[in-house]
Amino acid sequence: MERAEKTELVSSLQAALGGAGSIVVAQNSGLSVAAFTDLRVQVKKAGGQVKVAKNRLAKLALKQTEVADIADLFKGPTVIAYAEDPVVAPKIAAAFAEKNQKFVVLGGAMGATALDAAGVKTLATMPSLDELRAKLAGLLVQPAAQIARIVKEPGAGIARVLSAHAEKSEAA
């Protein structure tokens, strides 16, 4: 790889990692190509990216970002997974690590906060932004449905009483 290519790779990696909501760094020693491709597909479907870069170049890319604290995680064969949604990359990486023993989560970052492996697993258990939005929408709709039911109920009660009274007078 020529110097210009390395510079371009560092700048593109720096831009990608700087705008990521979360970053996961993992070791992938001995992982098959099929398994790694599966990981890439899962992360891409969720809106993220998986990159493999030389550790020295990844450390250079991290130097001028707010996540420079995670540079010490880059030892040995490493993979970087990142996404704009802070929960996507940790969730997929943690689930993939449970299925594949050769994929080990080392740590990561969320915003400017560096995370260890336990922090990444904790972040993986949180709901994603889409799930939180759905829950919030459900909470907003629920009171309106209850109000509509309460407003409708007195009229329905009166209608039942009148109906019962009418049936009683018809029967008599």
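These notebook entries record what I looked up in a predicted model.

**Basis.** I worked with a predicted model in which local features need pLDDT of at least 70 and side-chain atom pairs count only at pLDDT 80 or more, while totals for chains, interfaces and linings use all residues. I numbered residues from 1 along each chain as its sequence is written, and side-chain values use heavy atoms, with hydrogens and water left out.

**Strands.** I took helices (H or I, at least four residues) and strands (E, at least two) as DSSP runs, numbered from the N terminus. Two strands count as paired if DSSP finds at least two bridges between them. I found E1 and strand E4 (residues 104-110) antiparallel and joined by six bridges; Val25 has Gly107 in E4 as its bridge partner. E4 also runs antiparallel to strand E5 (residues 113-116), with four bridges, and Ala109 stands opposite Ala114 in E5. The hairpin of E4 and E5 has two residues between the strands, and there Gly111 takes a positive phi near 65°.

**Cavity.** I searched a 1 Å grid over the protein atoms alone: a cavity is a set of points where a 1.4 Å probe fits but cannot get out, a pocket is an open set with protein on both sides within 12 Å along at least five of seven lines, and lining residues have an atom within 4 Å of a point. Grid points are joined across faces, edges and corners, and a volume is the space filled by probe spheres set on the points. I found one cavity of 30 Å³ or more. The largest cavity holds about 30 Å³ of space, and its lining includes Leu17, Ile23, Glu66, Ala109 and Gly111. Helix H1 (3-18) and strand E1 (22-27) are the elements that give two or more residues to this lining.

I sorted residues by class: Ala, Val, Leu, Ile, Met, Phe, Trp, Tyr, Cys and Pro count as nonpolar, Asp, Glu, Lys and Arg as charged, and the others, Gly among them, as polar. The cavity lining has five nonpolar, four polar and one charged.

**Pocket.** I noted about 160 Å³ of space in the largest pocket. Among its lining residues are Arg3, Lys6, Gln14, Arg56 and Leu60. H1 and helix H3 (55-63) each supply at least two residues of this lining, and H1 gives the most, with six. By class, I recorded three nonpolar, three polar and three charged residues.
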